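Please read them beside the coordinates.

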Amino acid sequence: MSRLGIVIPCYNEEAVFQESAKQLTDVIKDLIHKGKIDQNSFLLFVNDGSKDATWSLISREFEQNEYVYGLNLAGNVGHQNALMAGLLTAKDIADMCISIDADLQDDVSVIENMVDRFQEGCDIVYGVRSARKTDTFFKRTTAQGFYKVMKMMGVKSIYNHADYRLMSRRALEQLSHYKERNLFLRGIVPLIGYKTDCVYYERKERFAGESKYPLKKMVGFAFDGITSFSTKPMMMILAMGLFMVLISILAGIYAIRSYILGHVVGGWTSLILSLWFIGGLILFSLGLIGQYIGKIYIEVKERPRYNIEAFLQHEKEINEGEKEIR
């Protein structure tokens with residue numbers, strides 16, 4: 001029987017934690033009752049340096065709920081790093097792991113379908129939104145635009161898929177070999193290969209609390225995804241540079257012709273506009289190149305992505321090679 005670990009990153013989720021733990025515990029119990037997963041399956045809540053009572057609630061639930069484990073990170077490291085910490089911790093004590101956010105927007109009822117796909121031989125099962133009815137027009141339009149831009153840039157990604165997915169231990173072992181600090185798991189996981197499948201669901205409204213991804217963070221996340229997996233923006237800069245060289249040659253020919261014909265009246269407006277345009281293009285190009293250099297700077301430091309402060313794990317038939325950290 002395969003052991004399932006459900007990894008739930010949490011940042012200031014005290015408003016939704018109790019309901020999230022209840023619903024996911026019910027899913028675990030139901031799957032155990034149906035004989036689809038091992039009775040030692042668990043929920044791993046990862047506290048990403050929350051400023052509220054999230055870790056206290058996780059610790060209390062750990063004492064009362066035999067299926068709840070807790071991982072406390074020493075500071076806020078961001079959603080992707082917190083998720084990675086949970087997955088790499090759980091991979092040594094589970095045969096398969098499912099990642100899901102604590103806000104209960106992802107439909108927990110399709111977890112059974114994911115497990116069924118795993119039993120059929122799939123190493124990775126993506127949870128994909130069938131529609132975006134709960135999104136505002138702005139969020140729906142920008143999200144769809146993001147996926148189209150990613151595809152145009154040559155980045156492998158699953159359309160309408162976030163971080164709701166199942167991964168086998170074998171797939172997680174391969175994931176652990178990706179050492180980059182600028183994590184974008186939606187782009188990394190498709191690179192692993194192995195047999196994959198998708199399950200579809202309708203995303204719900206957030207159960208409680210506030211979204212942890214305002215517009216500023218979403219834009220930054222999208223930009224990180226593009227610059228971490230594609231060098232096409234650099235090629236676009238080169239293309240713009242060549243285009244400007246062509247324009248300057250044509251402008252030079254026009255200027256020489258005007259000089260020969262005696263039409264040399266200065267054009268203040270065209271000069272100023274040209275300077276502003278070229279100056280803006282140069283600054284934009286330097287900024288984009290700087291983003292790539294900045295990422296190289298961060299990568300070469302090889303600093304740890306996260307530090308674990310505490311790991312709460314129940315003593316349940318610990319297999320050989322497993323370690324319990326208190």
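The points below go from the sheet to the helices, the cores and the aromatic rings.

1. This is a predicted model, in which local features need pLDDT of at least 70 and side-chain atom pairs count only at pLDDT 80 or more, while totals for chains, interfaces and linings use all residues. Residues are numbered from 1 along each chain as its sequence is written, and side-chain values use heavy atoms, with hydrogens and water left out.

2. Eight strands form an open sheet with mixed pairing, in the order β7-β5-β6-β4-β1-β2-β3-β8; strands are DSSP runs of E with at least two residues, helices are runs of H or I with at least four, both numbered from the N terminus, and two strands pair if DSSP finds at least two bridges between them. Because β7 (196–201) and β8 (308–312) each have a single partner strand, one side of each is left without a neighbour in the sheet.

3. Within this sheet, β1 (residues 4–10) pairs with β4 (residues 96–99) in the parallel sense over four bridges, and Ile-6 has Ile-98 as its bridge partner in β4.

4. Helix α7 (residues 185–192) lies across β5 (124–129) and β6 and runs at about 35 degrees to β6; the axes are lines fitted to C-alpha atoms, for helices over the stretch in contact (heavy atoms within 4.5 Å), with angles from 0 to 180 degrees between N-to-C directions. Seven of its eight residues are buried, so α7 is largely enclosed by the rest of the structure; buried means under 20% relative accessible area, with a 1.4 Å probe and protein chains only. Gly-193, which follows α7, has a positive phi near 90 degrees.

5. The largest nonpolar core has 39 residues, and Leu-4, Ile-6, Ile-8, Phe-45 and Ile-111 have the most contacts inside it; such a core is a set of buried Ala, Val, Leu, Ile, Met, Phe, Trp, Tyr and Cys residues joined through side-chain atoms within 4.5 Å. Helix α1 (residues 17–33) gives the largest share of this core, six residues.

6. The structure holds four aromatic pairs, where rings of Phe, Tyr and Trp (its six-membered ring) pair if their centres lie within 6.5 Å, planes under 30 degrees apart counting as stacked, over 60 as edge-to-face and the rest as tilted. Phe-17 and Phe-45 have ring centres 4.8 Å apart and planes at 65 degrees, so this pair is edge-to-face. Phe-42 and Tyr-69 are stacked, at 4.7 Å centre to centre with 10 degrees between the planes, and together with Phe-311 they form one aromatic cluster.

Methods: Buried means under 20% relative accessible area, exposed over 50%, partly exposed in between (1.4 Å probe, protein chains only).
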